[in-house]
Amino acid sequence: AVSRNKKERAKQTHSFVRNRLLSESVLRSRSVLSLPLGADLDQRRTELSNRRSARMRRPHAVPPVPVTELPHSATEHLDTMTSLERLAAFHTCDADIFSGWCGFCGVLSDECVEECEKITNIIVDIIRCAAEKWRRGEDTNGYRVVLSGCGTSGRIALYVATRMNRILASKALPPVFSYLLAGGDEALVESRELPEDSACGGRDELLALVPRAERALLVGITCGLSAPYVAGQCEYTLAHSDAWHTVVLGFNTVELARDAPIDGWASTCRTVFKAVATSPHANVLNPIIGPEPVTGSTRMKGGSATKILLESMSLAAIARVTGEESPSVRVRDILEEFRAAFEAVHSDRERLARVMSEAGDALRV
């Protein structure tokens, strides 16, 4: 029975991906035909983008299993590829971060950038409020940007929070960024899965970090929308929206968030994240960037996308507060810089392939 279920899920996944790719091909042809012959390339791209966004919201656009757990077609035979072929496959796979997967929106889509701008403006407000309190010698602990996650998500939260606070300090601004990692700092070097499933534990750690929030932002990072530790925190901040704004950052559709019951908790990840999606005091930032190069390993593509989004929003916010370069620096500009860096790395693929091969040979010694 287990074997039959696995085969059925595999058939559903294969059928879904095939139909999405076929629909994408038809969509492109229809987009071209629907425009006048004199339409320029920008018009055609705009038309395609609009139709993609409309399709994203249709119920049938949801895959049968979470996107983050699907295999990626580009890396299906990763174990038999040469180093050069692996790098080409990684490029194809990681390009989904920016362009989106199978017609879904990536981080550079208008929809994602619009959500990023909203969140950036909240960070700007928090920094400015904290700076005013700080100049008057008052406590600023109630003004916080809390980045929280489990495993790699929590480690990236630590990295980004630490880096942003260093930048703020160099600008004579108070450190408003904090991080939470399921299992504490010990989980930086050792996996601790039990705390990840504790919604109440996540909530209690958030309360211990910010006991009296005045103007605070929680960014709960869960690549698969599956971490009760993060969901418990979001449930609390939603209930205290007078002081907290809630953001869920992940890479699955909300409909496919984890729905399994957790002992001692009346809610599920799915019910909480659906509440986030409908709240005027919250945002779900979930570009669909596609399956991982190695199936289910969200520390790879998911980790990269998490870092790109967090840093783009945070750096844009700091630039606006300090007025450097431009008081209205755009998140899209920083995201484009990340894409340019990604393409630059892969521009010298042959040399990278040699280094990869040498590293593999060294492991055999």
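## A strand wrapped up inside

Strand 2 is largely enclosed by the rest of the structure, because four of its five residues are buried. Here, buried means under 20% relative accessible area, exposed means over 50%, and partly exposed lies in between, using a 1.4 Å probe and protein chains only. Helices (H or I, at least four residues) and strands (E, at least two) are DSSP runs, numbered from the N terminus.

Strand 2 has a partner: it pairs with strand 1 in the parallel sense, over five bridges. Two strands pair if DSSP finds at least two bridges between them. One of the bridges joins Val146 to Ser178, which sits in strand 2.

## What you are looking at

This is a predicted model, in which local features need pLDDT of at least 70 and side-chain atom pairs count only at pLDDT 80 or more, while totals for chains, interfaces and linings use all residues. Residues are numbered from 1 along each chain as its sequence is written, and side-chain values use heavy atoms, with hydrogens and water left out.

The protein has 11 helices and five strands. Of its 365 residues, 47% count as buried. Its accessible surface comes to about 18,100 Å², and 52% of that belongs to carbon and sulfur atoms. Accessible areas come from the Shrake-Rupley method with a 1.4 Å probe; for residues, only the protein chains shown count as cover.

Let's turn to contacts, meaning heavy atoms within 4.5 Å. Among the contacts with a separation of 6 or more, 76% are between residues 24 or more positions apart.

Helix 5 covers residues 152–170, and its 19 residues should span 27 Å at 1.5 Å a residue; the end C-alpha atoms are 27 Å apart, which agrees. The expected span is 1.5 Å times one less than the number of residues.

Which residues of helix 5 are buried? They are Ser153, Gly154, Ile156, Ala157, Val160, Ala161, Met164, Asn165 and Leu168. These residues cover an arc of only 160° around the axis, which puts them on the same side of helix 5. The arc is that of the directions from the helix axis to the C-beta atoms.

Find Glu311 in helix 9. Is this residue buried or exposed? Glu311 counts as buried, because its relative accessibility is 2%. Its side chain makes a polar contact with the side chain of Arg163, at 3.0 Å. A polar contact is a pair of N or O atoms within 3.5 Å; within protein, one must be able to donate a hydrogen and the other to accept it, and residues adjacent in sequence count only if both atoms are side-chain atoms.

Leaving aside neighbours within four places in sequence, Glu311 is in contact with Tyr159, Val160, Arg163, Met164 and Phe338.

## Helix 10

Helix 10 has 16 residues and reaches 23 Å from its first C-alpha to its last, close to the 22 Å expected at 1.5 Å a residue. Its buried residues are Val331, Arg332, Ile334, Leu335, Phe342 and His346. Seen down the axis, they fall within an arc of 165°, so they line one face of helix 10. Their cover includes helix 3 (83–99), helix 4, helix 9 and helix 11 (349–364).

Asp333 also lies in helix 10, which runs over residues 331–346. Asp333 is partly exposed, with a relative accessible area of 32%. The side chain of Asp333 makes a polar contact with that of Arg330, at 2.9 Å. Asp333 and Leu108 are 225 residues apart along the chain, with their C-alpha atoms separated by 9.8 Å.

Most residues other than glycine have a negative phi. Cys102 is not a glycine, yet it has a positive phi of about 50°. Cys102 is found in the loop between helix 3 and helix 4, and it counts as buried at 10% relative accessibility. Leu225 also has a positive phi, near 55°. Its place is in the loop between strand 3 and helix 7 (228–239), and Leu225 is buried, with a relative accessible area of 0%. Just after helix 5, Ala172 takes a positive phi of about 60°.
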